[in-house]
Protein chains: 2
Amino acid sequence: MNNRELDKKLSLRKIKPTAVRELVLKVLTEEKKAVSLSDLEHKFDYADKSTLYRTLKTFEEKKLIHSIDDGSGTLKYAVCHDSCECNPNDLHVHFYCTRCKQTFCLNEVSIPTVNLPVGFSLESVTMVVKGVCSNCRKG
Amino acid sequence: MNNRELDKKLSLRKIKPTAVRELVLKVLTEEKKAVSLSDLEHKFDYADKSTLYRTLKTFEEKKLIHSIDDGSGTLKYAVCHDSCECNPNDLHVHFYCTRCKQTFCLNEVSIPTVNLPVGFSLESVTMVVKGVCSNCRKG
DNA sequence: AGGGTAATTGCAACCGGGTTGCATTACAAA
DNA sequence: TTTGTAATGCAACCCGGTTGCAATTACCCT
């Protein structure tokens with residue numbers, strides 16, 4: 001993905017394009033797996049942790065990416081699809097592979113509806129499946 | 001719940017009963033909400049953090065309690081039902097109230113089955129619903 | 001182009017949950 | 001009572017996440 005495309009993606013979400021933001025978005029879009037803050041730190045030796053942190057926060061706020069708590073203790077991030085507003089019906093299942101320790105979006109697997117007890121209201125749902133991914137099972 | 005009952009619960013899970021363990025289990029069984037390590041620290045000024053930590057770990061290992069990652073950043077714990085082996089079919093949905101910041105087991109709400117893409121195997125599933133609990137909606 | 005303002009970035013330090021090593025104490029078996 | 005093992009307490013550490021502040025950069029207006 002070239003810079004013009006990246007800038008367009010940023011602008012669509014009302015995020016001012018900067019060099020760091022382009023690079024972070026590039027990594028996030030090109031990675032098949034969800035990416036953590038420390039992943040980014042290691043990818044860009046020159047960029048500061050807090051800059052990267054704030055970049056992720058900005059992206060998340062503007063719904064360019066969503067965060068994933070896969071239970072590993074470190075938050076991961078992945079790009080939202082273009083029309084995503086992070087509403088309950090935009091949500092999908094995430095998968096954590098216990099072998100390669102990577103986390104993926106299962107974009108095609110939406111979260112089943114759940115019947116709450118009376119009196120409970122629903123704002124959002126997270127669903128994380130742990131197991132072994134197809135790649136690791138093959139290998 | 002008296003000490004004899006607590007000891008029995010511990011022994012059933014092959015955990016040697018000690019004073020600290022009785023107290024921790026007592027708190028865990030009497031609380032309606034899931035309890036964090038720091039919750040325990042504040043409840044027992046005298047008991048050491050690492051002792052409480054190791055107590056929770058022991059309980060979890062022996063499947064007397066299960067841990068809940070509700071996305072708040074701090075792990076919570078709740079007692080398992082007597083016959084629980086923490087298998088996929090023992091799992092239930094957890095609820096995090098965004099108003100009172102408390103986490104509950106919805107023991108009666110089991111986790112729906114989910115269709116994984118081909119090649120993926122399933123070991124466990126976590127499902128956390130965020131919203132407002134019935135208590136907070138009444139108030 | 002130049003000046004002023006706001007946003008972004010970098011640095012350093014901090015915070016809190018989780019975790020570990022090691023010394024001490026309690027307990028149980030011989 | 002002695003001896004070995006498990007539990008506890010204390011201190012320190014690790015790491016992800018977060019913040020304050022200063023330095024830099026981008027942007028807008030004239």
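**Exercise 1.** Is A:Lys26 buried, partly exposed or exposed, and what is its relative accessibility?

*Solution.* Keep in mind that this is a predicted model. Start with the value: A:Lys26 has 28% relative accessibility. Next, recall that buried means under 20% and exposed over 50%. A:Lys26 therefore counts as partly exposed.

**Exercise 2.** Find the salt-bridge partner of A:Lys26 and say how the two residues are placed in the chain.

*Solution.* First, look for the partner: A:Lys26 forms a salt bridge with A:Glu30. Their closest N and O atoms are 3.1 Å apart, and the cut-off is within 4 Å. Then place the pair: both lie in helix α2 of chain A, which covers residues 19-30. Because they are 4 residues apart there, about one helical turn separates them.

**Exercise 3.** Move to chain B and describe the salt bridge of B:Asp70.

*Solution.* Begin with the contact: the side chain of B:Asp70 meets that of B:Lys76, at 2.6 Å from N to O. Then take each residue in turn. B:Asp70 has 2% relative accessibility and counts as buried. B:Lys76, at 8%, is also buried.

**Exercise 4.** How many salt bridges are there over all chains?

*Solution.* Counting over all chains gives 12 salt bridges. The bridge between A:Lys26 and A:Glu30 is one of them.

Notes:
Residues are numbered from 1 along each chain as its sequence is written. Chains are lettered from A and ligands numbered from 1 in the order in which they are written. This is a predicted model: local features need pLDDT of at least 70, side-chain atom pairs count only at pLDDT 80 or more; totals for chains, interfaces and linings use all residues. Side-chain values use heavy atoms; hydrogens and water are left out. Buried means under 20% relative accessible area, exposed over 50%, partly exposed in between (1.4 Å probe, protein chains only).
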